[in-house]
Amino acid sequence: MKRKFDWDSVVRSKIFWAVVAEVVILLVSEILKPDFFRIEYKPETGMLYGVLIDILNRSAEITIIAMGMTLVIALGGTDLSVGALVAVSGAMALKFLRWDVTQYPTPGDYTIMPFYLVILAPLAVCTLMGAFNGLLIAKLGMQPIIATLILMVAGRGIAQITTNGKQFTTMYTPFQVIGQGHLLALPMPIIITAVVVLCVALFTRKTSFGMFVESVGVNPSASRVSGLQSDKIILIAFMITGFLSGISGLIYSSRISSCDSNNAGINNEMNAILAVVIGGTSMSGGKFSLAGTVIGSLIIQTIVTLVYFFGVVSEAIMAFEAMIIAVVIVLQSEPVRKAFASRRRRGAAATGGAVRA
Amino acid sequence: MRFVLNADVKRQSLGVRIFNPKYIMVYATLGVFFVIYLFGAIMYGDRGFTSLRTILLMFSDNAYVGVSAVGMTMVLITGGIDLSVAAVASLTGMFIAYGTTKLGIDPLWCMLFSLAVGTGLGLVMGAAIHYLNVPPFITTLTGMFLARGVCSLISRESISIDNPTIDALAGWKWILTYYKDGQWVKIKPMAYINLSVIVFIAMILIGMYVLQRTRFGRNVYAIGGSEQSAKLMGLPVGRTKIAVYAINGFCSALAGIVYVLYVKSGWNLALSGGELDVISSAVIGGVMLTGGVGYMLGTMFGVMLKATIPSLITFEGSLSSWWGKIATGALLLLFIVIQRAVVTYTDRKKAA
Amino acid sequence: MRDVVLDMKGISIQFPGVKALDNVDFSLKRGEVHALLGENGAGKSTLIKCLTGVHHMDSGTITLDGEEIKPSSPQAAIGMGISTVFQEVNLCPNLTVAENIFIGRQPMKHRQINWKAINQRSAELMEHMGTSIDVTKPLSYYSIAIQQMVSIARAVDIQAKVLILDEPTSSLDEHEVRRLFKVVRDLKARGLGIIFITHFLDQVFEISDQITVLRNGKLVGKYDAAQITKLELVTYMIGKDMNQIFNLKRAEQKPGAPVKLEAEHIGIPGKVEDISLAVKQGELMGFAGLLGSGRTETAEMLFGVTRPLHGTIKMDGKALSLKTPLNAINQKMAFCPEDRKRDGVIGDLSVRENICLAVQAKRGFLKPMPPREQQELADKYIRLLSIATPDAEKKVGELSGGNQQKVIVARWMATNPDVLILDEPTRGIDVGAKAEIQRLMLEMCENGMAVIFISSELDEIIRCSNRIIVMRDGAKAAELDGENCRQSDILAIIANESSEVSA
């Protein structure tokens with residue numbers, strides 16, 4: 001059964017408005033400052049440069065976390081611990097990047113631990129913390145906000161204790177490549193983000209995991225009676241989120257070549273949640289959109305970049321961000337979407353034909 | 001002819017009335033509080049942990065959390081949430097700091113202005129939540145960003161306050177004395193009640209009164225129990241919801257004022273993460289995030305319970321404050337497990 | 001005081017794409033019980049929503065006690081004296097009984113709420129209704145039946161002139177229904193006008209004076225309950241000959257059919273005592289009994305939703321260990337639950353996704369069904385069950401109750417089970433859909449499936465079952481042969497040794 005192209009539901013969908021918002025913001029920027037869209041290639045470094053590249057680059061951490069957050073929100077919950085996990089990940093990685101001080105008195109391109117451990121250990125720990133969250137929620141029946149609040153509070157403490165309160169630095173090149181290197185002329189974080197998004201998309205849509213998440217999010221008890229193992233699904237979703245927070249933490253600490261347990265991941269949970277919601281996934285659970293989340297994250301980053309670009313005082317960024325997000329949210333709200341949709345329908349009826357009964 | 005269904009009639013003994021499952025959460029909070037307090041008393045009693053001074057200082061140091069928690073309790077009971085409270089408190093501090101030091105405005109006017117702004121923001125957020133159906137989490141998150149943003153706009157650096165009115169208000173103490181040998185003698189170590197404590201206690205009492213003895217307060221519970229039913233029963237759901245957020249805005253600003261008296265400065269990063277402190281205090285106090293359940297007195301004990309941990313750590317002296325964070329996390333975990341156990345137990349009893 | 005308390009004339013309302021009400025009249029006298037009947041989608045709830053201020057009608061007038069009114073909201077309607085008691089009892093579960101009765105209008109003393117007065121007056125009100133309960137307990141402590149009484153008490157105390165009972169008996173058992181009807185007769189005597197909406201035709205005849213029938217948004221007619229037969233009524237409601245609809249025959253029992261599912265002495269103390277049963281291939285076993293007699297609990301044990309504390313369950317003679325529903329599904333069992341809203345319908349997902357869900361759950365998430373296979377499966381069952389939906393992508397939450405039920409049944413049929421358990425599959429859906437589902441069940445039996453059919457409607461049970469198990473107070477009271485069984489037989493067994501209720 002083929003369906004005619006349903007303009008009504010497109011206009012009524014949240015992701016449509018998210019895309020509109022992003023496009024509008026970009027166009028406005030281009031008009032006001034014509035160099036906005038310019039991308040240039042510098043053969044010395046073999047990289048592309050430009051504001052758009054910048055936006056894609058800096059949004060990496062949030063986008064990656066938001067992929068996992070999308071699943072968690074689709075299940076009807078939230079994960080507030082992601083920021084703390086970013087800090088833990090960075091702290092662990094830097095701790096493993098120690099070197100033998102007797103041999104080399106200053107930081108440089110050497111390390112004791114094999115490099116794969118430097119990467120794997122933080123990821124494993126973060127995944128385990130995600131599992132902790134998942135178990136509290138699935139087995140003990142705790143509310144997600146509260147369950148993840150525990151790690152949000154305790155996690156940063158754990159990160160600090162890992163490095164004994166000190167800020168470690170490193171000069172180890174393979175590690176620095178993660179946040180500062182490039183591949184195929186694009187900054188590494190963009191490549192990593194693309195890979196992550198692709199993997200999550202394939203996993204959720206090429207297997208039935210996505211549908212199961214949506215099902216459990218809409219109606220957990222019906223899902224259980226239908227044979228779904230909601231415990232397993234919840235656990236996996238939170239473990240994925242933990243793992244992705246770990247990746248994000250590696251990127252962040254690699255960018256600054258050190259670990260900053262106080263500031264790493266600050267506000268990441270809020271930004272990730274915002275990205276998911278702007279992208280059209282409802283906080284009460286159910287249908288989700290990974291593409292929407294990516295756009296949501298880009299919108300947030302575009303606003304921030306824009307504000308810098310226009311020389312607006314950096315202090316005002318948060319206020320600006322808030323205003324624009326407020327506008328997007330209002331546009332996405334039900335009454336407003338319905339108003340637009342019904343205007344279209346009345347318009348269509350006037351021209352002699354209902355778009356949809 | 002009368003139907004008297006034996007299954008439905010229950011004789012109400014005193015025991016049943018006291019052990020009403022509604023109050024169990026508050027008892028649990030009290031219980032854990034006393035256990036931890038006892039632990040502190042045993043370990044550090046000789047260092048002054050159990051002195052009246054310490055207790056009153058705990059009230060005073062955490063008054064700002066308590067004042068904010070009063071408004072937050074109401075919001076949570078309606079089934080909503082407000083993430084902007086700490087940002088508004090911080091903004092209030094900035095208004096007062098900037099207004100008095102840089103603009104030379106009388107601090108009392110600054111305080112009034114802050115209260116108005118806090119209440120106004122609450123009104124706007126409440127309206128967005130009710131009329132536009134935007135989830136409270138998102139709406140108040142945006143409000144938080146806005147408040148922090150404006151705060152940063154006013155000043156990037158911290159501003160100290162050096163103002164006689166503020167000093168007077170902050171320094172006002174009522175030193176407690178007792179009658180001994182025909183004279184009033186000061187308690188040793190010196191125990192005093194300051195303005196913050198009075199505001200804290202007053203707000204708790206007012207909150208208790210509103211929730212238990214006014215129609216508005218009962219409507220708050222009704223909305224938390226089932227908003228749809230409340231609407232169909234003809235209750236003023238919209239007005240109540242919006243009012244609750246406005247009241248919480250007021251409480252946030254008031255908390256900011258209390259905090260300013262405490263630290264005598266304004267800083268845009270003040271109280272970072274404070275909103276979750278307030279929310280977790282309320283949850284520890286027995287307020288359920290799903291709405292419909294919660295008592296003001298429970299919240300007060302929740303605040304005190306959460307405050308005992310940093311206090312214990314200070315007394316211990318040697319532990320870094322990172323352990324404090326971990327301990328708070330563990331306490332929260334313990335507490336929620338108790339909550340779950342109580343809920344499951346009462347559910348099972350009901351079904352039987 | 002006028003005789004006619006409510007007069008609705010020429011009510012019409014249009015929604016996008018459909019005229020929900022077309023020039024409908026409805027009038028209600030003081031002290032009259034007036035039933036409002038019609039299939040799902042006929043317009044009953046829309047008419048009531050116009051009366052209670054939820055919808056604003058396009059044309060028509062509503063006159064209450066001689067004065068024209070235009071209720072703009074539920075709050076306004078209540079203020080005018082129009083109260084509604086819903087099936088899902090719209091009260092606040094976290095508040096006490098007394099508070100639910102008085103919320104929004106609590107008596108005050110010295111600017112404070114007078115709790116003593118509230119508790120006292122509520123206790124009196126409940127006693128008047130013949131239900132003496134502790135009004136200081138939270139509402140959630142009590143059964144739905146009691147909660148409905150509280151709802152009625154509130155309406156009566158607010159001086160309602162018109163009381164609307166919207167599907168009040170769907171969740172009540174026999175003696176709770178008796179009690180409700182006693183209260184309704186009391187209210188009648190007091191002069192209230194009562195509008196009664198229900199799917200239970202027997203109850204309509206028992207309690208109503210007048211009956212108004214709607215069909216497809218139009219008024220079919222207003223009838224005197226004493227002068228119309230059930231057959232005539234159903235014909236007016238669905239416009240088809242009922243006999244044709246219910247021309248169903250029991251499935252033929254093949255001799256020597258093997259026993260498929262067997263339960264030996266399973267039970268959960270407090271819910272279901274020791275129960276044993278055996279269902280054969282191709283057999284339809286009916287479960288009769290009051291609400292709370294343990295039928296659903298037994299089914300849940302058989303399907304792995306709950307674990308029996310003792311006893312064994314066997315499939316084809318082999319003992320099973322059922323820890324979760326997935327275990328049961330893997331044994332080729334299927335279970336269509338009683339509360340389709342809570343345990344069945346996944347509203348935001350499409351018809352296709354809902355139908356394929358159990359099949360997909362069995363395969364696990366790593367082996368997804370290819371889109372074409374999903375589409376074929378969905379289309380097959382949409383056709384087979386005549387599910388009214390424009391296409392398979394429509395959200396299930398947007399379908400009518402009857403069609404939602406069909407989607408859930410389709411979900412389970414799609415797993416090709418050997419044993420299918422249906423718990424109240426025909427509850428709350430219209431007569432036409434009911435008949436279709438029963439026809440389907442019998443067809444499945446003919447094809448060799450073993451079916452367990454739980455229902456509160458005895459005529460359905462008797463019509464379809466080969467064997468009938470009657471449950472009472474959590475235990476099996478009797479096992480009867482479907483062919484040679486009459487309603488009175490079953491009722492007698494159920495009524496035997498009932499609880500200490502004075503009827």
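Two strands pair if DSSP finds at least two bridges between them. I start there because the first item is a strand pair, and pairing rests on that definition. One more remark before the details: this is a predicted model.

The pair is in chain B. Strand E3, residues 177-180, and strand E4, residues 183-186, run antiparallel and are joined by four bridges. Within that pairing, B:Tyr178 sits opposite B:Val185 of E4(B). The two strands make a hairpin, with two residues between them. In the turn, B:Asp181 has a positive phi of about 50 degrees.

Now chain B as a whole. Its secondary structure amounts to 15 helices and six strands. Of its 352 residues, 49% are buried. Taking contacts in chain B with a separation of 6 or more, 75% are between residues 24 or more positions apart.

Next, where chain B touches chain A. Chain B puts 33 residues into the contact, and chain A puts in 35 residues. On the chain B side, helix H7 (136-154), helix H13 (274-284) and helix H15 (321-351) each give at least two residues. Which helix supplies the largest share of that side? H15(B) does, with 12 residues. Sorted by class, the chain B side holds 21 nonpolar, eight polar and four charged residues.

Over to chain A, and one residue in particular. A:Val19 is part of helix H2, residues 14-32 of chain A.

A word on confidence in chain A. The mean pLDDT is 82, and 84% of the residues reach at least 70. Helix H4, residues 60-74 of chain A, has the highest confidence, at 95, while helix H1, residues 7-12 of chain A, has the lowest, at a mean of 56. Residues 348-357 of chain A fall below 50 in pLDDT, and in the model this stretch has 10 contacts beyond near neighbours in sequence. Where pLDDT is low, predicted coordinates should not be read in detail.

Last, chain C. It is divided into domain 1, which covers 4-93 + 159-245, and domain 2, which covers 259-495. Taken over C-alpha atoms, the centres of domain 1 and domain 2 of chain C are 32 Å apart.

Methods
Residues numbered from 1 in each chain as written. Chains lettered and ligands numbered in written order. Predicted model: local features only at pLDDT ≥ 70, side-chain atom pairs only at ≥ 80, totals over all residues. Buried ≥ 20, exposed ≤ 12 C-beta atoms within 10 Å, placed from the backbone. Contact = placed C-beta atoms within 7 Å. Nonpolar A, V, L, I, M, F, W, Y, C, P; charged D, E, K, R; others polar. Domains from an automatic or database assignment. pLDDT = per-residue confidence, 0-100.
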